[in-house]
Structure formats: C-alpha cells, structure tokens
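Subject: Structure handover

Hello,

Here is the structure we spoke about, with the sequence alongside. My notes follow below; please read them with the model open.

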Amino acid sequence: MDEYLPHQVPSHGMTTTGREPTKAPTSVPRLNSKELMQHSREVEIDHEGRIYRLRVTQLNKLILTA
C-alpha cells in the first residue's frame, strides 16, 4: 500500500480522510483562449524582446514555442 503525506491527494480523487479535496482560492489571472487568440490559429508574444508563438494544434491544444 502506498504511503501518503497529509496534504497529498491520492489518485482516486479523495483525501486520505475520505473527504473531497477543496480548491484553494487563486489570484492568478485567467485569460480566455478565444479572446487571446483573436480568432486566429497563431499569435506572437513579445516577452522582453524575445518573440514566442502560441498556436492551436489540429487537436485543439495550445503550443508555445520560442
């Protein structure tokens, strides 16, 4: 049997006490991908002078490349 640390959530989604885990409030901004992509399959992002490309794949996943 696997040992769990007190704050680990086992793979079956329940805590070791048998209760559903609670979600901690987040302060990370969330962007809508449709708004971010501006109805395009690819956008360029300038980060401190380096250009990155964010694109939507055929499987509707996002890929970020430098």
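Along the sequence, the protein chain runs in the order α-β-β-β, that is, one helix and three strands. The model is a predicted one. Its mean pLDDT over the protein chain is 82, with 74% of the residues at 70 or more. Where pLDDT is low, the coordinates of a prediction should not be read in detail.

Two figures describe the chain as a whole. Of its 66 residues, 9% are buried. Of the contacts with a separation of 6 or more, 2% are between residues 24 or more positions apart.

The strands

Strand E1 covers residues 42-47 and strand E2 residues 50-56; the two pair in the antiparallel sense, over six bridges. Isoleucine 45 is opposite tyrosine 52 in E2, and aspartate 46 is opposite isoleucine 51 in E2.

E2 also pairs with E3, again in the antiparallel sense, here over four bridges. Arginine 53, which belongs to strand E2, has threonine 65 in E3 as its bridge partner. The C-alpha atoms of arginine 53 and threonine 65 are 5.3 Å apart, while along the chain the separation is 12 residues.

What else does arginine 53 contact, leaving aside neighbours within four places in sequence? The list is Glu42, Val43, Glu44, Ile63, Leu64 and Thr65. With a relative accessible area of 40%, arginine 53 is classed as partly exposed, because this value lies between the 20% and 50% cut-offs.

The turns and loops

E1 and E2 make a hairpin that leaves two residues between the strands. Glutamate 48 sits in this loop between E1 and E2 and has a positive phi of about 50°, although it is not a glycine. Glutamate 48 counts as exposed, since its relative accessibility is 76% and the class begins over 50%.

The hairpin of E2 and E3 has five residues between the strands, and asparagine 60 in its turn has a positive phi of about 65°.

A further positive phi, near 50°, is found at glutamine 38, again a residue other than glycine. Glutamine 38 is in the loop between H1 and E1. Is glutamine 38 buried or exposed? At 60% relative accessibility, glutamine 38 counts as exposed.

Threonine 57 lies in the loop between E2 and strand E3 (62-65). Its relative accessibility is 14%, so threonine 57 counts as buried, the limit being under 20%. Not counting residues up to four places away in sequence, threonine 57 touches Arg41 and Ile63.

The pocket

The largest pocket has a volume of about 220 Å³. Its lining consists of Ser33, Lys34, Met37, His39, Ser40, Arg41, Val56, Asn60 and Leu62. Which element gives the largest share of that lining? H1 does, with three residues. Sorted by class, the lining has three nonpolar, four polar and two charged residues.

Two of the lining residues tie in with the notes above. Asn60 is one of the residues lining the pocket, and asparagine 60 is also the residue with the positive phi in the turn of the E2 and E3 hairpin. Arg41, also in the lining, is one of the residues touched by threonine 57.

For a quick look, I would begin with arginine 53 and its bridge partner threonine 65 in E3, then turn to the pocket lining, including Ser33, Lys34 and Met37.

Regards

Technical notes
Residues numbered from 1 in each chain as written. Predicted model: local features only at pLDDT ≥ 70, side-chain atom pairs only at ≥ 80, totals over all residues. Heavy atoms only, no water. Pairing = 2+ DSSP bridges. pLDDT = per-residue confidence, 0-100. 1 Å grid on protein atoms, 1.4 Å probe; cavity = no way out; pocket = protein on both sides within 12 Å on 5 of 7 lines; lining within 4 Å. Points joined across faces, edges and corners; volume = space filled by probe spheres on them. Nonpolar A, V, L, I, M, F, W, Y, C, P; charged D, E, K, R; others polar. Buried < 20%, exposed > 50% of the residue type's maximum accessible area, 1.4 Å probe, protein only. Contact = heavy atoms within 4.5 Å.
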